Amino acid sequence: MTHEPVALTTPLYYVNDLPHIGSAYPTIAADALARFYRLKGHPTLFITGTDEHGQKIQRAAEKHDLTPQEHCDRVVASFKALWKKLNIRYDRFSRTTDPRHHAIVKEFFQRVYDAGDIYLSQQTGWYCVGCEEFKEERELLSDRHCPIHTNISCEWRDEANYFFRLSKYQTQLEKLYEEQPDFIQPESRRNEVLGFVKQGLKDFSISRINLDWGFPVPLDPSHTIYVWFDALLGYITALLEPDAEPTLAAAVKYWYPINLHIIGKDILRFHAVYWPAMLMSSGLPITKHVFGHGFLTKDGLKMGKTLGNTIDPYDLVDRYGADAVRYYFLKEIEFGRDGDFNEERFVAILNADLANSLGNLLNRSLGMAAKYCRQEVPAYGASSVSHLIEPVIRLASNLGDRVSQAYMSLDFRQVCEEILSLVWSCNKLIDDAAPWQLYKAGKQDEVNALIYALLEAIRITTFLLSPITPSLSQAAYQQLGLEFSETQPPIWEHSTWGILRPGSLLLKPTPVFARIESAVTTN
């Protein structure tokens, strides 16, 4: 079967500061989704990267006595280090300071200019350096602060800028949203965009003067291309094969259009309004989907350095491991809604789900296989306990279809809950059937049937959970006597019943997720 290629992206993270939990969160989600599509057999391209131009970068570099490029290189290294810690397996890391990106931006700018959609005019208004964006008066707080960067005063600007004719695409965008209702997800984000567009679109500035850090406007080097017009094209640059000529034609040859942008809701407008309009102007197809996730809080409060309640993702992974962090944020926070991190709940959920339920089930089942079945996958057939086993087999046999649908809907919480339902059914089966009593009674056929059902259900469970907890799943698979590597994961047929072969040797059980004894609260 031939599967369609899938290209998906995180945002290109702005490198004015080190990565934080807010940038780790969507990257974990994108990585889990990419791993799922690879299991399904789709050629998959997972893109992440960094947005490295603009005034905010220039000022951050000056503050630390660095050149802008030195600053960018330093912060990019920290992003890559965190992604490695979190077991993020990206395919392309796009940097907007890449010379190949410059070539793509120049060609794209020329296309849009030739379409008559770029013109020079005067820009007057309040400018938020944090957003790198002019703000309309209606968007500002009473003290003329940006509602997103409340600690930064907006600056009054009166300067010549080049503009993009966004207003020209009002009708086409409205048609896009109507004909493709799932273009913007979830529904709450779609409604936000519809409300914004309904008020009437205004042309937006795509250049700045008195700014050195960025690409010069091709037709007027006294202007620098505005960071968003430059940055959004980083997704297209990332599509280039390593040895390909840096042209739009080469970039969109195979992976385009991109299937999904996973972004924060604070940059929704740029991806769901500005970006499709720019693509329309250039003659390129529109991205298929944009998903805006929510914001994170800690203990019910907005995170910030002034409150001293930020979450250090490096520290969190060092203390609890990548699988723990990945599982909690995808299972406990409904993707698309705002969510809260509480360390006590974090520990409780991990102990309940991964240590006590799944990990303990694996240990008990392998222990019984060692004791009752010579540490082999037992042969099995119909037995007097078939009526007890049948519900587990039925649940496990169609679990792959339900979990697959949940992954494709980005409903990671549902993925985990569906999988846990099988884990709980297996634990109940052990309690109901009491294999140790059957063994003492000499009922080896019944014991074999029970142990096989447990081992096979655990295998399906860990296979389907592997996009979220790759290390745990690989360890479990190995203990079941099967191969599971990053470069050669099992094929999707492993989501079906009957992969374990009777007579196969099992390994001795070792905990795949150690119980966490206590939470250590740090700021």
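**Nonpolar cores and aromatic contacts**

Beyond its neighbours within four places in sequence, Leu173 is in contact (heavy atoms within 4.5 Å) with Leu166, Leu201, Val273, Pro276, Ala277 and Met280. The model is predicted: local features need pLDDT of at least 70, side-chain atom pairs count only at pLDDT 80 or more, and totals for chains, interfaces and linings use all residues. Residues are numbered from 1 along each chain as its sequence is written, and side-chain values use heavy atoms, with hydrogens and water left out.

A nonpolar core is a set of buried Ala, Val, Leu, Ile, Met, Phe, Trp, Tyr and Cys residues joined through side-chain atoms within 4.5 Å. Buried means under 20% relative accessible area, exposed over 50%, and partly exposed in between (1.4 Å probe, protein chains only). The largest nonpolar core holds 169 residues. Leu173, Ile236, Val273 and Phe329 touch the most other members. Helix H18 (residues 444-465) gives the most to this core, 14 residues; helices (H or I, at least four residues) and strands (E, at least two) are DSSP runs, numbered from the N terminus. Another core, of six residues, lies apart and includes Trp126 and Cys131.

The whole structure contains 35 aromatic pairs. Rings of Phe, Tyr and Trp (its six-membered ring) pair if their centres lie within 6.5 Å; planes under 30 degrees apart count as stacked, over 60 as edge-to-face and the rest as tilted. Tyr119 and Phe163 are stacked because their ring centres are 5.7 Å apart and their planes at 15°. Tyr119 lies in strand S4 (residues 118-128) and Phe163 in strand S6 (residues 155-164), 44 residues apart. Tyr477 and Phe484 pair edge-to-face, at 5.2 Å centre to centre and 85° between the planes.
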